[in-house]
Every structure is written in C-alpha cells, then in structure tokens.
Amino acid sequence: MLYIYGATAHAKVAVETAEELHIGISGLIDKSLLIASVFDYPVNLHHEVKSDDEQFFIAIYDPGLRQRIVLENPSWEYCSLLHPKAHISKRAEIGKGTIILPGASIAPDVQIGNHCIISSNAVIASNTIIEDFVNIGPNSTIGSHVLIGRGSEITANIHIPAEETIAKDSCIEKA
C-alpha cells in the first residue's frame, strides 16, 4: 500500500496519478493539524512502517524539503508515479520517488534522478540528465545533451536549449 507524504496541492496531483495507476492508497502524512483528509483519504501526523509492502511517495513541491524528508526516513521504500498519459521511452531511466504527469514526453537515453517532478506537457529531449530532486515545470522543454543539477527548478514555460548545463540548486524562471 502507498502512503503519500504531504497533503496540499502536489499531494492531490499524486493521489490522482496513483488512482490512474490503480495503486492502493492507505493514507497521507502531513505535519498540519488542519487537514484531516484529502479526497476521503485520511491524513495522519506521522507514520511508522509496519510491513515490507508499504511504499511512500513524497508529494512536497520544494526540492530541499523533499531531500530532507528522504534523509529523515532512510528505511522507506519509495515508488515512482508515471502517469499513463505521459510518453516515456522504454530507453529512459527513471529514479525512485519521481512523478511524471500527463502529457509529458521523455525521449530515449534520458536519465531522470530520484524524487523529481516532471510536470504536465514537459518535453525532455534525448541524452539529457536530470539529477535528483529537480522540478521541471509545465510546458517546459529541455533540449538534448542537457545536464540539470541536483535540486534545481525549471519553472513553467521555459525552454532550455541543447547542450546546456544548469548548476545544482538553480532556479530558471521567466524574466
């Protein structure tokens, strides 16, 4: 069963993606005392792993906070949520805890790290490496032979041309 860490906007997207994939959701985990449920799934303050078949997905948009949660929970088994309406090459590599949303297109020889967010209608061309904890915004395009460093964010509607390197923890947004 799946537990989703987080209970706000990104968690709602993760819930719907898990439902599209027919993954059973046991509940959500969030530090807020104000949220009791999300789409009729219970929200708890914390969770202790009780069995080996439990999996987790961190539905927190902030890359630094996602990284901290992973470090605080080294025994958790993370699953990726790859929306059935995304096009993902069979020759792409996708890390654990990553979500790829509908309309995204991932070309062959793309490597996407752990705990990344690839938003709706994002396009990632071949021979590109996206390191861990990266956010790619909706309708963004990433050219071929690009390296996007760990913890970076590419906001909505951004085009990164071929053969670029984005340093770790960068934020690329429209001026």
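Q: Is tyrosine 3 buried or exposed?
A: In this predicted model, local features require pLDDT of at least 70 and side-chain atom pairs count only at pLDDT 80 or more, while totals for chains, interfaces and linings use all residues. Residues are numbered from 1 along each chain as its sequence is written, and side-chain values use heavy atoms, with hydrogens and water left out. Buried denotes under 20% relative accessible area, exposed over 50%, and partly exposed the range in between (1.4 Å probe, protein chains only). With a relative accessible area of 13%, tyrosine 3 is therefore buried.

Q: How are the rings of tyrosine 3 and phenylalanine 56 arranged?
A: Rings of Phe, Tyr and Trp (its six-membered ring) pair if their centres lie within 6.5 Å; planes under 30 degrees apart count as stacked, over 60 as edge-to-face and the rest as tilted. The structure holds 4 aromatic pairs. In the pair of tyrosine 3 and phenylalanine 56, the centres are 5.7 Å apart and the planes lie at 25°, so the arrangement is stacked.

Q: How many residues apart in sequence are the parts that tyrosine 3 and phenylalanine 56 tie together?
A: Strands (E, at least two residues) and helices (H or I, at least four) are DSSP runs numbered from the N terminus. Tyrosine 3 belongs to strand 1 (residues 2-5) and phenylalanine 56 to strand 5 (residues 55-58), so the separation of the parts joined by this pair is 53 residues.

Q: At what angle do the ring planes of phenylalanine 56 and tryptophan 76 lie?
A: Phenylalanine 56 counts as buried, at 1% relative accessibility. Its ring and that of tryptophan 76 are stacked, because their centres are 4.0 Å apart and their planes lie at 5°.

Q: What is the relative accessible area of glutamate 163?
A: Glutamate 163 is placed in the loop between strand 19 (159-160) and strand 20 (165-166). Although not a glycine, glutamate 163 has a positive phi of about 60°. The residue is exposed, because its relative accessible area is 63%.
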